[in-house]
Each structure stands twice: as structure tokens, then as C-alpha cells.
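Please read it with the structure open.

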Amino acid sequence: MPMLKNARLQKSIFLFIVVAPAFAAYVLFTLYPNALSIYYSFLEWDGIGAKTFVGWDNYIRLFHDPFILRALGHNLILLVTVIPITLIISLVLADLLINRAFAENSFYKVLYFFPNVLSLVVIALVWSFIYDGTFGLLNGILRALGLGGEHNWLGSKGTALLSMIPLYVWCYAGFYVVIFMNAMRGIPKSLYESATLDGITHMQRFSKITLPLLSGVIRVGVIFLMLSVIKGFEYMFIMTQGGPGGATDVISLYMFNFAFGSLNLGQHIYGYASTIGMMIFVLLVGLKLILDKFFAKDSIEY
Amino acid sequence: MRMDFQKNEKVTLKVGLLESGYGREWFDLAVKRFTEKYPNVQFDITASPKIGDLISTKASAGNDNDMFDLFYGATWTEYVNANKLEPVTDIFEMSPDDAPGRKLNDLIVPGFNDPEKYYKDNAWVFPIANYVGGMFFDQKLFDENGWNKNPKTYDEFIQLCEAIQSKGIDPIVYAGLYNYAQFAFDTKIFEIADERGNKQFRNDFEYYNGPQYTSPESIEVYKRLHDMGKKGYISKKSVGMNHTQSQMLVLQHKAAMVPSGDWIENEMKETAPDGFQWGYMAVPFTNNPNGPIYVTNGLSYSFEIWAAKPDLNKKWAKQFLLSLMSNEIQQVLVEKGGALPLRKDYLDDQTRADQMKPLQKSIATYLKDNPVVLELKNRKIELTDPDNMASLKVIVDNMALVLTGQEDPEPILEDAEKLLQNAIAKDKKAQNKA
């Protein structure tokens, strides 16, 4: 018995040594700052001076702030476009690369993944050049085709937000191509072989076997894309500053401007920014729960 | 004002230095000269293009020992409100070594530093370089076309725009992405007020009394800009354009003028074609040829001193800042960094005057030949309510559309005014000070 007790103690100590550093880092760098954000959301504070407790004022303001709704509307447009387009393109490309023995498969894989290794500033500059109203590549192509080519893509309220969609898809698709390719490789060949003997078409094979068996990976993909689209604002920050006329203002950019200011809004209002952060947190949790309703969580065993 | 400086007082000044477009040769030379004269003073320098982030992190951490004694001045009203900064007003009463018997205050170009206009009756930031904003253009292009390089009135400026447009060139393009139009136009409210004899305007501006965005002066300025946009004098391409893109159009003569600051020559030196010669003008909004013309200026490089430091450190930090105002250091800043001289006796030396770059000369000539008021636009109170930022957001979001004639200014100004008035009403500090 003492030996067993000793073994249990050793196991506990071992687990503690293994888990404690990571847990401490998680508490220090994730949990603690998040808990502080809850506290900040009840304050009026510029980050330097005295903290003034304002109760629910910031939360009340949140519900009366017209810019919040506008920004969320823009996030919604990105959600309903970027996620499905990215997933469809990545699935199709992954399926082609897996099932078609192109000699250049490895090259394509690297090519699609390439945006993921580029600095986001580089990406923003490349796409700013593409959309430039005077010297832009897109206008150049349109001019060559005799289709105008004078449009100010990022400077027009009608097209600024829509112009961000191809950029997002270009950035994200390559990553999911690699993820989906690896997941497709895990599907047993025997399933496809028996289906082929039954005379299944390629389309049926994709929709009846591949897609259902990838549902878990797709679910994770949707969640990550959702997080990226709602939390991301870097491209708007660099390329449009949320303009023109607020046409590309998204919720995280709006929050960022309150917390850290931009060239024109150089104030720090950490209290209200934290309140917006709390709203984004609740929103993301809510969306995750909704997703769980639509996607079966059960893993599939082959 | 005299301070007692004992050379046996050992002191190390911790400095947070911004590595900026002005380079750091001026600073290294200043440290060299200062430590030659005062070997008891040592410098512990942390230099970075992102020093502002480090300064704000250290300031927020609240560890006064770890904080810099002397640092690049990015933020100040928040620090002043929190009693974190040492006033530097007394430095302006001291005499630089190369101008004995003359107060620094009397040596600086009027308007480049005006302590009584500063926050809470004190100067908190020590100027190293001030920018001058306005309209920048290629002098050669203007000379070739016989265009007016120095319009004295608003009507003359509009005639200039018409002349440029008649040649198929956009008269004005600007970085709508960052609201660069402010560098040419945001002091025009003072000019209109001056012309209309509104003596109360400055006080109302400084203390947020009465309407701000919807003041008659503000509405007049935005209406004129909107009209210029509708006539195509301000190019629609400006919307969504950054400063590099807009400045490139001027370099390529697709547009004639671009609002910016005096750093533009340095900023575009790699891309400017041969023969391109930057010139400067302010945009007059008055129709009185005797002006005055209000010109945007502001601090583009400054230092602050942390209040919670030993008196000895603060005393030597101030002495060091004073030394930066010698014409020797100014010369390095002007010639190597492209800054405008802060000392008004700088041009007394013909050799120094001859060494200035074309744009620096153009600005200096403009300031000398025209009835110019350098306007800092300082407010005496600060609003901290989120509605203030929301009102700014309405303006920043929409100005490019207003200035290019695509949106009417008045509904936007009214929306912004409502939010601003909410902020004024709610901000207790504003109420107490009003």
C-alpha cells in the first residue's frame, strides 16, 4: 500500500510539474487580462489617470451607439460571404489536388499556402495596389478589356467593403486547402473503391462521402474563419481606416480606435473599448453555440 | 532665470528617443557636446522607431524608477491630467549658451512655441521640430504654366484652381485615408473668424463654448471645401488614398497640389523625378490681401520630462533640452533631418541660410513674405467622454466625401455637433472649466 500511495504522489507531482507552467502562463497571459477587461468595462479610464467607476454606463451606451450596429452589419456581410466562399474554394481545390495527379501538385500547394507566410502589411499593400483608382491592376485590366477602369474601388462607399471579400478569401483559402487535403487523406480509400464499384460519379463521391466525413474539420474551419472575420480588422486599418464614410468599419476596428486611437482619433478610452470587447466575446460564444446546433459534433469512425 | 549646475553632481539621464525621419545625428551631437561640457552627466539612451509604445507601456506600469527621465513626447494631455509630467515652461526663460542674455522664449520663431496657449497654463512638451502644413507643389510646373505660386486671397486661389483644371490636371489631391486635408485647411476657421471680426471665436474654441462643428465659421469652411470638391478642384481620387499615393500623383503631374507637412520633400526624395522642385503655399481663405493667413503648424518632435524623478535629474534634463536649441544642433536638424529651424536668428547666418533645401527655403520665404499666423489650435480643456471620440469619428469618416463634393457638409457637421455637445455636457472637467 505505501508503494501505491507513493506512486500516486509521484504521479500527482509529475502532473503538477508538467501542467503548472503552461497553466500559469495561461492564467497570466490569457485569463488574467480577460478578467481585467471585465473590470475595465465598468470604468472610465484613459490608461494613465484615475479610474472612475461608471457602473453600467458603458453597457447602456453600447445599446445606443449607432456605429456598433453599422460595424456589426459589415461583419455580418463578411461572415456570410467570406466563410462560404473560402470553404467552397478550399474544398474544391483540396479535392482536385488529392484526386487529380497533377505533376505540379506540390507547387500548387505551396502557391495556395503562400499568403499565409506573407506579412499582413505586404498583403495590404499588394491589394491596395490592385484596387488603386489610378494605377491599380484591376482598373488596368478593365481598361484593357474596354470596361471602364476608372473606378476608385476602396474610395467608393458602394465597393469598399465588397473589395475586401476577395482579399480575405485569398488570405484564408490556402490554409484551409492544406487542412482539408490532410483530412481527405485520412479518409479510407476502401470507401471510395466500394462506391466506385457501385457506379458513383465524382460529384456524388464528393458530396456523399468526402463532405460528410469532413464535417468535423469543416466545423472547426467555420469556427476559425468566424473568429478571424469578427476579430480581424488589420486590412481595414491599413487600407481604408474604416472608410469611406464608415463603409468598412468593422467591430474590432471600432473597438481598437477607442482603445488605442488612430491618426485622427488619438485618445485612449479603455473603459468603453473593453465593453465593446465584452460584447464581441459574448457574440463569439453565441455564434459558437449556434454553430454547434447546426453541425453534428460526433466524430466519425471509419 | 539661472539654475545652479554643479559639475560634481553625478547623474544619469534615461532617455527614450524616437528614431524618426529627422535621423539621430542631431541628438548624438547634442549628447557629445553636453557631456564634453558636463562630464558628470551620463546618458542611458533607448532609441527606437516604436519608442512611443515603450513609453506608454512604462507609463501605464506605474514604476517611476523604470520610467525614462526624458522621452519623446507623443502623449501629453493624459499625462498632465494624471500629474505625470514636469512643466518645461521655465526652460523658455533660460538662455542658450550661444545667445547669452537672451531668453529662449524670445529666440524661437513666434508660433512655433507659445506656452500660454498650452494646456493648463504651462508648457509640458519641449519642441525639437515643428512642422508647417499647407499646400505643396512642383515649382517648375507652376513656372512653366505661369500659375500663381503665392495667391494672396481666396479668390486668387480659386482662380489658380481653375487655371490648373483648364490644363486637364487635378488641382488638388490628398490622402483621404488619413484626412491630410487638415494640414491645409483646419486653421481656416480662425481666418474666417478674423475676417468677420469675431473676437470671441478663439475663446469659444479653446473652451468649447457654443457650437464648434456648426459654428458659422466652421460651416463656411466646409461649404467652400465642398464647393471646391463639386467643381472638381479636389479630386475624387482622394477618397481612400494614402499619403504616398496622393503625393505620387503630384510627382507625376497628374495633380498639381497636395496638402501635407514640410516633411514631404524628405519623404518623397527617393521618388521625385529630376528637376522636381517642391514649393509651398498656404491656402488663403480671406479675401483681404493683407491677411492674416492662418497656417497649420504643430510639434513634430518634442521631449517630455517625467515628474516623479529626482529633482537633480529633472534639473539636468532641462539643461540638456536647452542645449538642443543651440544653432549648432539646429543646423544638424535642418541640414541632415530636413526640419525647419526653430530659432529665428538661424537665418542671420548667410552660410546656414544657403544650406537649406529648396522646400525649406520656399517655406521660409512664404512665411517672411506673407501676413502669416502660425496656429497651434490648442484647446484649454480636454474632453474625455466617448461621445467626443464618436463626434471626431463622424468627421473623420465623412470628410473625404464632403471635400470631394459627394456629401453635403451640414448634416454631417450637425451629427458630429450633437455628439460633441453630449460630450461637453457630460464631461465634468469641461463643465468645471467652462
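1. The UniProt entry, which is unreviewed, lists residues 12-32, 76-98, 110-130, 160-181, 209-230 and 269-291 of chain A under "transmembrane region". Such annotations may be inferred rather than shown by experiment. The coordinates discussed here are those of a predicted model.

2. Two of the listed spans can be set against the model. Residues 160-181 of chain A are 100% helix and 0% strand, with 33 Å between the end C-alpha atoms. Residues 269-291 of chain A are 96% helix and 0% strand, and their end C-alpha atoms also lie 33 Å apart.

3. The C-alpha trace of chain A spans about 90 × 75 × 30 Å along its principal axes.

4. Of the 302 residues in chain A, 44% are buried; here that means a relative accessible area under 20%. For contacts in chain A between residues at least 6 apart in sequence, 65% link residues at least 24 apart.

5. Chain B has 19 helices and 9 strands. Its radius of gyration is 22 Å, which agrees with the value near 22 Å that a compact globule of 434 residues would have. Along the principal axes, the C-alpha trace of chain B covers about 70 × 55 × 35 Å.

6. In chain B, 59% of the 434 residues are buried. Among its contacts with a separation of 6 or more, 77% are between residues 24 or more positions apart.

7. Chain B carries 51 positive and 63 negative side chains, with the centres of the two sets 2 Å apart.

8. Some backbone geometry deserves a look. Most residues other than glycine have a negative phi, and most peptide bonds are trans. Pro244(A) sits in the loop between α11 (234-239) and α12 (251-260) of chain A.

9. Chain B also has a cis peptide bond, joining Gly291(B) and Pro292(B), with omega about 5°. Pro292(B) is in the loop that runs between β7 (278-281) and β8 (293-305) of chain B.

10. Is Asn179(B) buried or exposed? Asn179(B) is buried, because its relative accessible area is 13% and the cut-off for buried is under 20%. This residue, which is not glycine, has a positive phi near 55°. Asn179(B) belongs to the loop between β5 (170-172) and α7 (182-185) of chain B.

11. Lys377(B) is another residue other than glycine with a positive phi, near 60°. The loop that holds Lys377(B) lies between β9 (372-375) and α17 (386-403) of chain B.

Definitions and conventions: Residues are numbered from 1 along each chain as its sequence is written. Chains are lettered from A and ligands numbered from 1 in the order in which they are written. This is a predicted model: local features need pLDDT of at least 70, side-chain atom pairs count only at pLDDT 80 or more; totals for chains, interfaces and linings use all residues. Side-chain values use heavy atoms; hydrogens and water are left out. Helices (H or I, at least four residues) and strands (E, at least two) are DSSP runs, numbered from the N terminus. The radius of gyration is taken over C-alpha atoms; the globule rule is 2.2 Å times the number of residues to the power 0.38. Buried means under 20% relative accessible area, exposed over 50%, partly exposed in between (1.4 Å probe, protein chains only). Contact means heavy atoms within 4.5 Å. Lys and Arg count as positive and Asp and Glu as negative; His and the chain ends are not counted. The place of a charge is taken as NZ of Lys, CZ of Arg, CG of Asp or CD of Glu.
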